[in-house]
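Q: Can we go through this model together? I have some quick questions.

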Amino acid sequence: MPLLVFEVACVAVVLLALAAMARRRPPADLLTDYAALAVAGWIGEETCVVLYDYYHYAMGWHIRLDRVPILVPLIWPLVILSAREVAACVWPRIERLRPLVVFAIVAFDASLVEVIAVRAGLWSWVDAGHLGVPIIGILGWGYFAIGADLALSGRLSSGDGRLRRALATIVAAPLVAHALIQITWWGFFRWAQRDALGVASLWGLSVIGVFVLASVVFARRRGGGIPLSVALPRMVAAGLFFVLLISTAPAELPLWHHTAIVAVPYFAATELSTR
């Protein structure tokens with residue numbers, strides 16, 4: 001898929017997702033959160049690229065804000081907001097642990113986005129890791145999500161004002177991401193294997209997939225589930241990466257294995273009837 005076509009499709013997905021979300025929450029709140037996450041996303045991406053020099057975006061991206069393609073921080077908010085919706089729908093009773101649930105959802109989603117995007121040449125990492133992506137690169141998405149969810153939930157700001165919540169998000173999301181990157185890098189990943197993990201990472205991901213599927217099945221039995229109104233925009237976004245996979249690496253079984261591991265729990269979690 002030509003990069004320009006992918007970029008145009010991303011813009012369409014962003015607009016579709018925002019329109020769908022605006023039907024479920026006040027537009028002013030949605031756009032404030034979206035803008036705050038976009039700013040925080042750019043700060044997080046830019047500082048990671050500059051400070052760590054651990055990954056780089058392909059030269060073919062058409063519009064950049066310094067080192068980062070502008071579409072990246074425009075997409076980032078939807079990843080976080082959508083994950084928060086999934087957490088609230090599937091596991092509505094675990095309010096105190098929601099930042100960790102959002103972390104897990106974002107990291108799970110990011111694992112698939114990363115391996116397909118790297119295979120398609122959208123960006124690249126210094127270390128190989130899992131299918132061309134170091135594990136800390138996947139977890140970094142989730143680290144950002146922890147700070148973002150804490151701020152968006154109002155736990156890091158006094159009062160319920162949109163502006164206070166937005167400012168807390170802009171500060172907390174990249175700050176928490178950097179803190180956890182440093183802790184896990186120097187505490188483990190710096191000393192762990194940094195070459196290609198091979199089949200071992202696929203087995204590990206399979207175990208994680210089984211655990212996620214079991215958690216989803218248990219949640220469904222207790223009444224949790226993703227409504228179609230929440231699932232459809234996510235399906236459209238996933239479909240874009242499905243097309244990217246088909247056009248880039250249609251015969252690479254490890255990528256299809258990874259895709260199936262991520263897709264199956266979402267199919268199990270989705271309510272096929274409309275509310």
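**Gly132 and the rest of the fold**

Q: What is the relative accessible area of Gly132?
A: Gly132 has a relative accessible area of 26%, so it is partly exposed. Buried is under 20%, exposed is over 50%, and partly exposed is in between (1.4 Å probe, protein chains only).

Q: Before I go on, what kind of model is this?
A: This is a predicted model: local features need pLDDT of at least 70, side-chain atom pairs count only at pLDDT 80 or more, and totals for chains, interfaces and linings use all residues. Residues are numbered from 1 along each chain as its sequence is written, and side-chain values use heavy atoms, with hydrogens and water left out.

Q: Where does Gly132 lie?
A: Gly132 is in the loop between β4 and α5. Helices (H or I, at least four residues) and strands (E, at least two) are DSSP runs, numbered from the N terminus.

Q: What does Gly132 touch?
A: Leaving out residues up to four places away in sequence, Gly132 touches Val118, Trp125 and Asp127. Contact means heavy atoms within 4.5 Å.

Q: Next, α5. How many of its residues are buried?
A: 15 of the 18 residues in α5 are buried, so to speak mostly covered. Helix α5 covers residues 135–152 and reaches 26 Å from its first C-alpha to its last. That is close to the 26 Å expected at 1.5 Å a residue, where the expected span is 1.5 Å times one less than the number of residues.

Q: And just after α5?
A: Gly154 takes a positive phi of about 85 degrees there.

Q: Which residues have the most contacts inside the largest nonpolar core?
A: Phe6, Ile80, Trp123 and Phe144, in a core of 76 residues. Such a core is a set of buried Ala, Val, Leu, Ile, Met, Phe, Trp, Tyr and Cys residues joined through side-chain atoms within 4.5 Å. Helix α4 (residues 98–119) gives the most to this core, with 13 residues.

Q: Switching to rings. How many aromatic pairs are there?
A: The structure holds 15. Rings of Phe, Tyr and Trp (its six-membered ring) pair if their centres lie within 6.5 Å; planes under 30 degrees apart are stacked, over 60 edge-to-face, the rest tilted.

Q: Why is the pair of Tyr57 and Trp123 edge-to-face?
A: Because their planes are at 75 degrees, with the centres 5.7 Å apart. Tyr57 is in strand β1 (residues 55–57) and Trp123 in strand β4 (residues 123–125), so the pair ties together parts 66 residues apart in sequence.

Q: Are those two buried or exposed?
A: Tyr57 is buried, and so is Trp123.
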